[in-house]
Number of protein chains: 2
Amino acid sequence: MSSDTATGVTAAQGFAAVGIAAGIKPSGNTDLAIVRNLGPEYTAAGVFTRNRVVASPVKWSKKAVADGTLEAVLFNAGNANACNGTQGDQDCAQSVEHLAATLGIAADRIAACSTGLIGELLPMQRLLSGIDQAAPALAASPEAGHDAATAIMTTDTVRKETLVQGDGWVLGGMGKGVGMMAPSLATMLVCLTTDASISQEVAQQALAKAVAVTFNTLDVDGSTSTNDTVLLLANGASGVTPSVEAFEAAVLKACADLANQLQADAEGVTKRVRITVTGTDSDAQALAAARTIGRDNLFKCAMFGSDPNWGRVLAAVGMADAAMDPENISVWFNDQPVCLGSTGAPGARDVDLSGADIDVRVDLGTGGTGEAFVRTTDLSHAYVEINSAYSS
Amino acid sequence: MSSDTATGVTAAQGFAAVGIAAGIKPSGNTDLAIVRNLGPEYTAAGVFTRNRVVASPVKWSKKAVADGTLEAVLFNAGNANACNGTQGDQDCAQSVEHLAATLGIAADRIAACSTGLIGELLPMQRLLSGIDQAAPALAASPEAGHDAATAIMTTDTVRKETLVQGDGWVLGGMGKGVGMMAPSLATMLVCLTTDASISQEVAQQALAKAVAVTFNTLDVDGSTSTNDTVLLLANGASGVTPSVEAFEAAVLKACADLANQLQADAEGVTKRVRITVTGTDSDAQALAAARTIGRDNLFKCAMFGSDPNWGRVLAAVGMADAAMDPENISVWFNDQPVCLGSTGAPGARDVDLSGADIDVRVDLGTGGTGEAFVRTTDLSHAYVEINSAYSS
């Protein structure tokens, strides 16, 4: 991706961004970002982690976006500001209020997103100095958007940005996240920006619908972060109000694009695995079954080994909370039948899974019409390596 | 363990065993075992996998033990005979019937246990020849018991046997299993033998109670095998009928001993982790919370890295189906507080987790009296290595 590509959070008119090094990450890499909506409208929507243990910035941002408006988002990487008690809440408030004073806007119109280690207090002096340094550097250039996308990275190996062209309007965005995906990453953060003019209701519904079938179908390790946040900011700067259908399609496309980028860059991933389940009573049961398979470590290790060990699919799905006929389960790897009627199909052991993308389809044999899919990854040496040495 | 130690399935009077190489394992190692109860009583109890996808030998054994009697158990390693359809059922029946004819007993008084790869048909010629070779070699010696315990190993690195001395009676046993523990291993098989004289009701209740707090609290990777089986055979050869309390205590002790051996030899394990959860509404909720933590790959990787990253405990438990106060969760590693009131405790990052045993205690802060524990292991490079190359 060349540095002048018009993608990311500044692709839409009327958005400025910045990313700088505030000294939060020990590496010295950039770690503080701001996205500012320059108006004229300040519509906002948000979707947050389902984890009951939530970080201070999630608590703050839920309140900030509750009235459907935001003027800015403050991001930091290197510290999740989670499990820091009331001190964490105070630190979050202080940093947002400092940015609010600097920009001359109300603090309750600013959301906060943090990602990094849980249980360490924010280095407030560095954070406040960083805000002082960053705020004047806010710019609407493509580079500024790229800088923001880079500053929110943790163990991400590449920055993640997206762009969807509407008819006279634009939807851009950035994301980060690499582990802990369910629906979410070792904190998944996403910020979408658009110059379309839309109502808060349309924004929230479009975001919720898109998240449900993109980030929420991504399950790398069954872990769900304390900090996951997906925000959408809309300013109407294009003067165009797209149809609800067109807007929802654009949000879905942007979320799907970022979800693909997140899955491809998941910690230690060598395989991208899509698991589709059919033949059960409901879509919800199919999703539960697909998740059960996607979270099974023995299955994930087999995928890492390019091993068409379909028996692990059956062993995993047998524990799922879904209607099934245990004697009539069928499995396909890359569209080749490996198990039909709960029995191995000829040539099953010879199916080639050496490619980076593996398609798994499972029919639970009840004749029911439930269907769902999840996307997951393999379980690799690198995953263990990265995650056994995170905080030390 | 010296070869003449009187432990294992032949430790009790009136039990014979054998373990031979039938050529089922590609390695040529021993892979076929028989345990025979020589009477005078033939009391039996069994506990089986909760997986809905069950292997042919599990279907057979459930029926065989349904009347509370067994005279023999046929074991093979190297092939699970799971997901082989009606052919698998027929192969299981044929092998048991062959053993029955050879021993001159009824086939419905023989249980079958298989462990190994799912979805491959049993090599029937080798299996039947193996039975012909093994049956005449049945012996009541300690060595014969050890041979049987060795023959049922798959990726186990050591054989697992136990012995509990009663007052005038003995309870011995063997087990195998190394992955897929939940409650169970990449097939967990256990066979206990006793010369106590007990009723089927006492046997079944003692076994069910012991399994619930031993094997069922062992959770290596959340996977549950299609083949898990725990059997108890009692022949009254000692002439002693112990009290129900004494017998239940012995079965519990034997199961706990084997469970410890299984945990210690789990695939790729470098840490044995015990997770206790308190402060929630019920024991069932506490168990659900402990399991959620014990299955979290990010937590397990931290344990592998001896990393006191307590934030992962909170992130994991926040998704558990258990009552909790998200602002009042506390965590202890090896009895040292690392998180109090959902906030890091002083010195939390310096807690020493370098030992092989790690004790984790979590209080969910509701003041409720629910309490439970699970035992799990770390997630290591070796786990990935072993499980990415199992069938290939």
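Chain B goes onto chain A by a rotation of 180°, with 0.0 Å of shift along the axis and an RMSD of 0.0 Å. That is how a two-fold axis relates two copies. Keep in mind that this is a predicted model.

Where does chain B come closest to the rotation axis? At H381(B), whose C-alpha lies 2.8 Å from the axis.

Now the contact between the copies. Of the interface residues of chain B, 100% are also interface residues in chain A, so the two copies meet through the same surface.

Next, a sheet in chain A. The sheet is open, has six strands and shows mixed pairing. Reading across, the order is β13, β12, β11, β14, β10, β15. Which strands sit at the edges? They are β13, residues 343–344, and β15, residues 370–377, and each of them pairs on one side only.

Let me stay with β15(A). Its partner is β10(A), residues 272–280; the two run antiparallel and are joined by seven bridges. If you want one pair to look at on screen, take V273(A), whose bridge partner in β15(A) is T376(A).

Two helices of chain A pack on this sheet. One is α6, residues 244–264, which touches β10 and β15 of chain A. The direction of α6 makes about 50° with that of β15(A).

The other is α8, residues 297–304. Helix α8 touches β10, β11, β14 and β15 of chain A, where β11 covers 330–333 and β14 covers 357–363. Its direction makes about 130° with that of β10(A).

Key:
Residues are numbered from 1 along each chain as its sequence is written. Chains are lettered from A and ligands numbered from 1 in the order in which they are written. This is a predicted model: local features need pLDDT of at least 70, side-chain atom pairs count only at pLDDT 80 or more; totals for chains, interfaces and linings use all residues. Side-chain values use heavy atoms; hydrogens and water are left out. Two strands pair if DSSP finds at least two bridges between them. Helices (H or I, at least four residues) and strands (E, at least two) are DSSP runs, numbered from the N terminus. Contact means heavy atoms within 4.5 Å. Axes are lines fitted to C-alpha atoms, for helices over the stretch in contact, and angles run from 0 to 180 degrees between N-to-C directions. Copies are superposed by least squares on the C-alpha atoms of residues with pLDDT of at least 70 in both.
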